[in-house]
Amino acid sequence: QPQFPRVGPGMRPQMPLEEAKRMLREQFMGIDDSGGFIVRLPGGVYGGNTVLDKALDDALSLGTGDFDVRFMELNAKHVAAVEICDRCLNKYPAQRICTWLSRPGRGPRTELNLSEVWFGDEDLEPLLQWVFNREASPSLPLRLVLQRNCLTQFGGLRLVEALSTRLAEDGGYCALDLRCNWITDAAEFVRLAMERAAAGVETEAVYSEEVPPPGLEDQAGPPRLWVIVGPSWSTSEGKRHLAASYSRVKEPWSNYMSGPATLLATELERGGWTFWECPLCLPYKKKDINESGGQSRCPSITFGSILHTHLRGDTHRKCVSNYWRE
């Protein structure tokens with residue numbers, strides 16, 4: 001296990017930038033049996049502050065960045081999958097990713113996964129331009145996964161319209177996964193998606209836990225779009241996901257709270273909040289969201305990111321469970 005230097009008393013160890021670049025090249029880029037280039041950068045890889053995100057930004061430099069360099073070194077024939085998830089990317093890196101994908105032949109054939117990167121309606125334009133860029137992507141990826149982001153009903157429907165229009169023109173199949181965004185009423189979104197999809201495209205909009213059956217992409221026939229959305233924001237859904245979660249299985253509650261947590265964090269940050277006491281946790285276990293306290297250990301952390309993590313976390317889940325039992 002490499003030992004990284006600390007940047008101050010009590011602060012988290014910080015990975016050197018060159019080490020982050022090496023890790024990105026060697027551990028998160030590869031090639032599949034068909035010659036398809038693969039990038040899989042998951043969350044949970046930090047190394048201190050935003051150093052890995054700086055390495056990612058450098059890697060996206062056109063022509064000279066590690067994405068292009070590794071593509072050539074591996075003799076890749078095309079891009080198979082790009083997965084960059086669970087990172088607090090701001091608008092600039094999100095646009096840089098779309099710019100790299102828009103180069104000739106760089107559109108992924110199997111999957112583009114940008115889940116939990118705080119991608120919102122205001123970030124859609126570069127992605128929508130990429131959808132219609134046939135030079136970059138002769139066909140759409142089989143899966144476009146945007147889970148746990150900040151897309152509203154308006155943004156989600158724009159994607160449905162764009163993807164279905166491309167499919168109507170060129171044929172093919174695509175599954176759009178919008179679970180756990182800021183789409184508060186999943187049933188209403190399903191109804192509107194079916195109305196807005198382009199004519200001539202078999203569109204199936206389904207709710208939350210349902211997933212496309214395997215083999216749809218291999219079937220001949222008319223173009224098909226599969227849209228997955230939900231859950232709705234309601235007390236009943238909240239209780240259902242709470243009941244499905246416990247100490248060793250935390251994902252149902254964490255995923256359910258992703259949308260509400262990012263929305264509350266965004267709104268409070270816009271209002272200038274830097275300190276907040278959780279009213280549900282206070283009676284059971286004092287918990288405050290303190291930006292200055294968090295920054296004493298990690299200078300790049302923000303009030304919103306601390307709040308977002310708390311509302312999805314185990315302590316908050318247990319306090320909510322106690323509250324509803326009383």
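Start with E26: it's exposed, at 52% relative accessible area. The cut-offs behind that word: buried is under 20% relative accessible area, exposed is over 50%, and partly exposed is in between, using a 1.4 Å probe and protein chains only. Before going on, keep in mind that this is a predicted model, where local features need pLDDT of at least 70 and side-chain atom pairs count only at pLDDT 80 or more, while totals for chains, interfaces and linings use all residues. Residues are numbered from 1 along each chain as its sequence is written, and side-chain values use heavy atoms, with hydrogens and water left out.

E26 pairs with R22 in a salt bridge, with 2.7 Å between the closest N and O atoms. (A salt bridge here is a side-chain nitrogen of Lys or Arg within 4 Å of a carboxyl oxygen of Asp or Glu.) R22 and E26 sit 4 residues apart in helix α1 (residues 17–27), so about one helical turn separates them. R22 is partly exposed, at 26% relative accessibility.

## The chain as a whole

The chain has 12 helices and 10 strands. These are DSSP runs numbered from the N terminus: helices are H or I with at least four residues, strands are E with at least two. Of the 326 residues, 51% are buried.

If you take the contacts with a separation of 6 or more, 73% of them involve residues 24 or more positions apart; contact means heavy atoms within 4.5 Å. The chain exposes about 15,400 Å², and carbon and sulfur atoms supply 52% of that. The areas come from the Shrake-Rupley method with a 1.4 Å probe, and for residues only the protein chains shown count as cover.

Strand β6 (residues 173–177) has 5 of its 5 residues buried, so the rest of the structure largely encloses it. In a regular strand, side chains alternate between the two faces of the sheet. In β6 both faces are covered: Y173, A175 and D177 are buried on one side, C174 and L176 on the other.

Which strands pair with β6? Strand β5 (residues 143–145) does, in the parallel sense over 3 bridges, and strand β8 (residues 224–229) also runs parallel to β6, joined by 5 bridges. Pairing requires DSSP to find at least two bridges between two strands. β5, helix α6 (residues 153–170) and β6 make up a right-handed β-α-β unit. Right-handed means that, with the strands pointing away from the viewer, the path from the first strand over the helix to the second runs clockwise.

Among the buried ones are F303, H308 and R312. What do the buried residues of α11 pack against? The list is α9, β9 (275–277), β10 (288–290), α10 (291–295) and α12.

R312 also leads over to K250: the two are 62 residues apart in sequence, with 8.9 Å between their C-alpha atoms. K250 sits in the loop between α8 (235–243) and α9 (251–270), and is partly exposed at 39% relative accessible area. Leaving aside neighbours within four places in sequence, K250 touches S245 and D314.

## More salt bridges

The whole structure holds 28 salt bridges. In one of them, D68 meets R103 at 2.4 Å, N to O. That pair ties together distant parts of the chain, 35 residues apart: D68 is in helix α3 (residues 66–73), R103 in the loop between α4 and β4 (111–113). D68 is buried at 3% relative accessibility, whereas R103 is partly exposed at 26%.

R240 and E237 form another salt bridge, at 2.9 Å from N to O. Both belong to helix α8, 3 residues and about one turn apart. R240 is partly exposed at 38% relative accessibility, while E237 is buried at 11%.
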